Amino acid sequence: MKIKQIVLGLSFIATTAFAQEVPVYLNDKKPIEERVEDALKRMTTKEKVQIIHAQSKFSSAGVPRLGIPELWTTDGPHGIRPEVLWDEWDQAGWTNDSCMAFPALTCLAATWSEDMSLLYGKSIGEEARYREKDILLGPGVNIYRSPLNGRNFEYMGEDPFLAARMVVPYIKGVQQNGVATCVKHYALNNHETNRHTTNVILDDRALYEIYLPAFKAAVCEGKTWSIMGSYNLYKNEHACHNQYLLNDILKGEWKFDGAVVSDWGGTHDTRQAITNGLDLEFGSWTDGLARGASNAYDYYYLAMPYLKLIESGEFSTKELDDKVRRVLRLGFRTAMNKEKPMGSLNSPEHNLAGRKIAEEGIVLLQNKGGVLPIDLDRTQKIAVIGENAIKMMTVGGGSSSLKVRHETSPLDGIREKVGTKAEVVYARGYVGDPSGDYNGVVTGQDLNDNRTFDELLAEAVEVAKSADYVIFVGGLNKSAHQDCEDSDRHELGLPYNQDRVISELAKANKNLIVVNISGNAVAMPWAGEVPAIVQGWYLGSEAGNALAAILVGEANPSGKLPFTFPAKLDDLGAHKLGEFPGNKEEMAKSTSRNDTINATYKESIFVGYRWTDKNKIKPLFPFGHGLSYTTFEYGKPNADKKAMSIDETVTFSVTIQNTGDREGQEIVQLYISDKKSFLPRPVKELKGFRKIKLAPGEKKEVSFTIDKEALSFYDDTKGEWVTEPGKFEAVIAASATDIRGTVPFELK
Ligand code: BGC
């Protein structure tokens, strides 16, 4: 007893003595701000400069003398990128870095489910932890301005409200793992052509109402610990060191306390980087490390050149200290967070999460005559046709490319699901892009086929004729000028003559189901010839299983479009007004890759459905559209009051009933329409949505409570949000064009 007491006493003295010696910055019981200040005051100027730029392709240095660790970043946003060499893009060749690929963010947005977003964030955050990453480079919330943008698949659609609601849970899910999100690409990076030299010109209304809200939600509600500056310019300054975007709005108006990370190679000027809000520089001279591999990082804009400007007296350490505080804060929240979980990779839970998100995001666009779901009990033969039924889609597309532990193709998923119930035959139909590699990750698939288009088509038609159902799986892929970083699509139409294949198949078999794999809208001139169309996105590791579950009706489709499918490009403002991807004359005159190209967003706030509504254009498929295998009936909506004052709220309710014979989920949308305003406003704008599950016959009441924020708009004459008294209308809808009821109300 006595001995135990003595031992306990000694250990108490030892811990207390130790506790006294532990410097504040290493004491995780102390508030982060105290730790930041303590660490800062112990650092030399050189050490400070050392931690604000990269030391390798994806990491930044810590301060070994003080035990402050490195920070490791990773792409993002659909899975954890495989390891590359310290100083090269080539693969490191690890055998334990194959990840789970989650569906692309357009699919996540199409779930319209905040629960799915939280699950996504939590799961990918766990994968990041397992791989010992501190910063996940994503998610992306750039607004879908044109279907030609090669990177739309990494973003969350055309509507600022939807993107804002969907990004917040993703961030929370990731960051609960002690991993920072790095929300990208801030801001106005809406196409890839000339991405380093495009100077975006737009009015403040479009900036505040359309392009910034999702970033603001990420900062103010999601509390993202870092944000990535984009490549383009705004007001003739690169976004990675931009007074307006970073100092005035992000850090000024939104009080962002995290770190601004440059996009890889997005930094161009030391003085601007010092003064205009950049905190952590990555990827400069990625074009071959022009100054020599051994010390290239020392030549970064925020490395030696910065130190020299301090030594010469041109700059004090005022800006430096602010950057260092932010980077330290980021480190305390992540790498030095002792509470963070261990994480897991490819767990059964992640697999299920990936499949669930995929199933909830797939959109049933058209289902004439109830062709879907396929009734396997009455089916003898299914023909699967098209390159995308077999092509691995997790490799390619740029920095979001992955090395996966598994990817189930649509064909394999269908075969597995059908089992012995029916015969599944496959024909290629067309050859698109047989390549399959990115930065040294190879799919290992040999998709070469030397037959002519006519031979492939004839085979497909022959196979289609004798089948009960034909499932054509085509669309885009992750190659350049498709859905791919650093290039945009050339046209809205499908590549590789797929339109012809689809039309011929439609003639050969009346039960044709077209599955479009893409992150973008595509033209569908054959939509009238085909009974069923499914939007299949890039679904990640579980692609085939999720698609098959939808096709045979094991899962009931419940996704809705996060962007408009226009019938033609000119049906969107960005194209109609002719400034995509930039000023045509400047582009034609440009002789150097460094010439700035202006891109004026002439359509202003009228993006997506805001444009088609205003101009009364019928889209091919509208924003918010998606069918189910069951049917939903909407009751008459009502409001709890007819008029509200500026500091009141109003609640709208509507009863939804499942009138079909199977369980399903419906996404009920609330749009607000301002009947009269002194500035032009969209016909209506999304201000609420709910995804509800209903058993056959079941009824549920859905309600939306809004306040003045849902009624306000940005008054660029005053530079502030205003709410104008007057008449409004609440529009309850199943899509942007499928309006089920309206309730007039007034703001006093
Ligand atoms: C992309 C970023 C990405 C970074 C690192 C850049 O080219 O624009 O989205 O996170 O590379 O791979």
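Is tyrosine 496 buried or partly exposed in this predicted model? At 25% relative accessibility, tyrosine 496 counts as partly exposed, where buried means under 20% relative accessible area, exposed over 50% and partly exposed in between, with a 1.4 Å probe and protein chains only. The points below begin with the basis of the values.

1. Basis of the values. Residues are numbered from 1 along each chain as its sequence is written, and side-chain values use heavy atoms, with hydrogens and water left out. Since the model is predicted, local features need pLDDT of at least 70 and side-chain atom pairs count only at pLDDT 80 or more, whereas totals for chains, interfaces and linings use all residues.

2. Domains. The domain assignment gives domain 1 (10–90 + 98–333), domain 2 (358–551) and domain 3 (630–748); such bounds come from an automatic or database domain assignment. The C-alpha centres of domain 1 and domain 2 lie 36 Å apart, and 36 residues of domain 1 are in contact with 38 residues of domain 2, contact meaning heavy atoms within 4.5 Å.

3. Nonpolar cores. The largest nonpolar core has 117 residues, of which Tyr186 and Leu328 touch the most other members; a core of this kind is a set of buried Ala, Val, Leu, Ile, Met, Phe, Trp, Tyr and Cys residues joined through side-chain atoms within 4.5 Å. Helix α6 (residues 160–175) gives the most to this core, with nine residues, helices being DSSP runs of H or I with at least four residues and strands runs of E with at least two, numbered from the N terminus. Because domain 1 and domain 3 both give residues to this core, it lies between them. Leucine 328 touches Val36, Ala39, Leu40, Met43, Ile51 and Ile68, when residues up to four places away in sequence are not counted. A second, separate core of 78 residues includes Leu365, Val371, Ile382 and Val514.

4. A stacked aromatic pair. The structure holds 28 aromatic pairs, a pair being rings of Phe, Tyr and Trp (its six-membered ring) with centres within 6.5 Å, and planes under 30 degrees apart counting as stacked, over 60 as edge-to-face and the rest as tilted. The rings of tyrosine 430 and tyrosine 496 have centres 6.1 Å apart and planes at 15°, so this pair is stacked. The pair links distant parts of the chain, 66 residues apart, with tyrosine 430 in the loop between β12 (423–427) and β13 (437–438) and tyrosine 496 in the loop between β15 (469–475) and α16 (498–508). Tyrosine 430 counts as buried, at 1% relative accessibility.

5. Phenylalanine 678 and phenylalanine 713 form a tilted pair, 6.0 Å centre to centre with 55° between the planes. Phenylalanine 678 is partly exposed, at a relative accessible area of 47%, whereas phenylalanine 713 counts as buried at 0% relative accessibility. Elsewhere, ring pairs link Trp112, Phe161, Tyr609, Phe623, Tyr671 and Phe689 into a cluster.

6. An open sheet. Six strands form an open sheet in the order β1-β2-β3-β4-β6-β9, with mixed pairing, where two strands pair if DSSP finds at least two bridges between them. Strands β1 (59–60) and β9 (259–261) stand at the edges, each with a single partner strand, so one side of each is left without a neighbour in the sheet. Strand β2 (residues 71–75) runs parallel to strand β3 (residues 135–137) and is joined to it by three bridges, with aspartate 75 opposite leucine 137 in β3.
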